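Visitor: I would like to go through this chain with you. May we have it on screen?

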Amino acid sequence: MVKYFGHHPAKQFIRGKPVRFGFKNWVAASSTGYCYTFDFYCGKSEEISTDPLGSRVVNKLLEKIETNSASYEVFFDN
């Protein structure tokens, strides 16, 4: 969550979090901190899917990583 208190339609509010207002974003990064890809949450998607949000986010981030160049271990939290 990137802290932001101004007015913007993509700003999120999450009750009970240390940073309650801001932009939610997801990152696929290496263990050394190199960012492979990232995605900003801008609201409900138009795509119809039965998968939960977490599964869709992880799969979308993994689509952008080349899988034939090396082997990967994927770790994520809730």
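Visitor: Which residue takes a positive phi in the hairpin of strand 4 and strand 5?
Guide: Gly33 does, with a phi near 100°, and the hairpin has five residues between the strands. Please note that this is a predicted model, in which local features need pLDDT of at least 70, side-chain atom pairs count only at pLDDT 80 or more, and totals for chains, interfaces and linings use all residues. Residues are numbered from 1 along each chain as its sequence is written, and side-chain values use heavy atoms, with hydrogens and water left out.

Visitor: How many bridges join strand 4 to strand 5?
Guide: Five bridges join strand 4 (residues 25–29) to strand 5 (residues 35–40), and the two run antiparallel. Ala28 has Thr37 in strand 5 as its bridge partner. Strands pair here if DSSP finds at least two bridges between them.

Visitor: What order do the elements of the chain run in?
Guide: From the N terminus on, they run β-β-β-β-β-α, that is, five strands and one helix. These are DSSP runs, numbered from the N terminus: helices are H or I with at least four residues, strands are E with at least two.

Visitor: Which three strands form the open sheet, and in what order?
Guide: The order is 1-3-2, with antiparallel pairing. Strand 1 and strand 2 stand at the edges with a single partner strand each, so one side of each has no neighbour in the sheet.

Visitor: And what joins strand 2 to strand 3?
Guide: Two bridges do, between antiparallel strands, strand 3 being residues 21–23. Gln12 has Gly22 in strand 3 as its bridge partner.

Visitor: Changing topic: where is Lys11 found?
Guide: Lys11 is in the loop between strand 1 (2–3) and strand 2 (12–13).

Visitor: Why does Lys11 count as partly exposed?
Guide: Because its relative accessibility is 24%. Buried means under 20% relative accessible area, exposed over 50%, and partly exposed in between, using a 1.4 Å probe and protein chains only.

Visitor: Which residues is Lys11 in contact with, leaving aside neighbours within four places in sequence?
Guide: Tyr4, Phe5, Gly6, Phe21, Gly22 and Phe23; contact means heavy atoms within 4.5 Å.

Visitor: How many of the residues of the chain count as buried?
Guide: Of the 78 residues, 12% do.

Visitor: What is the radius of gyration of the chain?
Guide: The chain has 14 Å, whereas a compact globule of 78 residues would have a value near 12 Å. The radius is taken over C-alpha atoms, and the globule rule is 2.2 Å times the number of residues to the power 0.38.
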